[in-house]
Amino acid sequence: MKHFQIIPAILLVVSLLFASNQLSLATPKGHEALIDDPINEFGILKEVEDSGYPLATLHIEFPERKFSEYFTINLEEVKNVNMGLLQKWIGKYVAFTYNSNLTNALVDIQINGKSAINTEPVEFTKNTIKVVGVLKGASKVTESDLPSTISITTANNQKLLFDYYITPEMVKINGRKVVVYYEEVVSNTITKIKLSK
């Protein structure tokens with residue numbers, strides 16, 4: 001009788017291992033089950049949006065699984081494509097490799113109750129996290145095409161990193177204690193892409 005119980009157990013382990021390898025895009029947004037290794041995918045390129053050179057955002061659909069997802073691509077790192085070529089690929093299948101990471105998206109920085117980055121009031125969601133800490137890394141305005149990396153260090157020495165375009169207002173409060181609001185978001189970054197034949 002024991003032998004008959006072992007077989008289902010083995011099948012369960014094998015199915016769990018298979019499921020973990022298939023996690024990639026099937027993982028809902030907001031979940032932290034992210035994969036460190038590059039993921040290979042195949043889908044229809046629906047939209048290409050300029051996100052400020054060298055970055056672009058690609059909207060890719062997976063018809064067989066009935067969903068779509070957004071991906072970021074750095075055109076200086078993925079040198080075999082450019083905006084013009086990607087635009088020509090819209091509506092066609094592409095094969096690509098990407099990395100999926102959990103990143104901190106800065107929503108607001110406040111000091112003395114006033115925002116240092118927003119002119120209009122910000123609406124926070126249930127996913128917005130609030131921390132208090134010292135702003136570092138914002139000693140000069142960002143002049144490159146890519147965002148700078150700033151950090152917030154809390155009283156218990158927790159260090160949070162954010163990619164953001166530093167403004168003159170942020171430079172003025174660099175090194176000071178601020179209130180930061182942010183959200184953890186899934187960032188999908190394409191490292192290779194080609195037209196699928």
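Ring pairs join F62, F67, F71, F96 and Y98 into a cluster. The model is a predicted one. Across the whole structure, the search returns nine aromatic pairs. One of them is formed by F124 and Y181, whose ring centres are 4.2 Å apart. The planes of these two rings meet at 20 degrees, under the 30 degrees required, so the pair counts as stacked. F124 sits in the loop between β5 (114-115) and β6 (129-136), whereas Y181 belongs to strand β9. The pair therefore ties together parts that lie 57 residues apart in sequence. F124 is partly exposed, at a relative accessible area of 37%. Y181 has a relative accessible area of 13% and is buried.

The protein chain holds three helices and nine strands. Read from the N terminus, the order of elements is α-β-β-β-α-β-β-β-β-β-α-β. Among contacts between residues at least 6 apart in sequence, 63% join residues at least 24 apart. The chain has 197 residues, and 32% of them count as buried. Its accessible surface comes to about 12800 Å². Carbon and sulfur atoms account for 54% of that surface.

In soluble globular proteins, nonpolar side chains tend to be buried together. The largest nonpolar core in this model has 19 residues. Within this core, L58, I60, I73, F96, I190 and I193 touch the most other members. Five strands each supply at least two of the core residues: β1 (39-50), β2 (55-62), β3 (67-74), β4 (93-111) and β9 (177-195). The largest contribution comes from β2, with four residues.

I190 shows how one member of the largest core is surrounded. Neighbours within four places in sequence are left aside here. The remaining contacts of I190 are with L58, I60, F71, T72, I73, V78, F96, T97 and Y98. Of these partners, L58, I60, I73 and F96 are also among the core residues that touch the most other members.

In one, the side chains of E41 and R65 meet at 2.7 Å, N to O. This pair links distant parts of the chain, 24 residues apart. E41 lies in strand β1, and R65 lies in the loop between β2 and β3. E41 counts as buried because its relative accessibility is 11%, below the 20% limit. R65 is partly exposed, with a relative accessible area of 40%.

The other salt bridge joins K46 to E61. Here the closest N and O atoms are 3.4 Å apart. K46 belongs to strand β1 and E61 to strand β2, so the bridge ties together parts 15 residues apart in sequence. K46 has a relative accessible area of 39% and is partly exposed. E61, at 27% relative accessibility, also counts as partly exposed.

Key: Residues are numbered from 1 along each chain as its sequence is written. This is a predicted model: local features need pLDDT of at least 70, side-chain atom pairs count only at pLDDT 80 or more; totals for chains, interfaces and linings use all residues. Side-chain values use heavy atoms; hydrogens and water are left out. A nonpolar core is a set of buried Ala, Val, Leu, Ile, Met, Phe, Trp, Tyr and Cys residues joined through side-chain atoms within 4.5 Å. Buried means under 20% relative accessible area, exposed over 50%, partly exposed in between (1.4 Å probe, protein chains only). Contact means heavy atoms within 4.5 Å. Rings of Phe, Tyr and Trp (its six-membered ring) pair if their centres lie within 6.5 Å; planes under 30 degrees apart count as stacked, over 60 as edge-to-face and the rest as tilted. Accessible areas come from the Shrake-Rupley method with a 1.4 Å probe; for residues, only the protein chains shown count as cover. A salt bridge is a side-chain nitrogen of Lys or Arg within 4 Å of a carboxyl oxygen of Asp or Glu.
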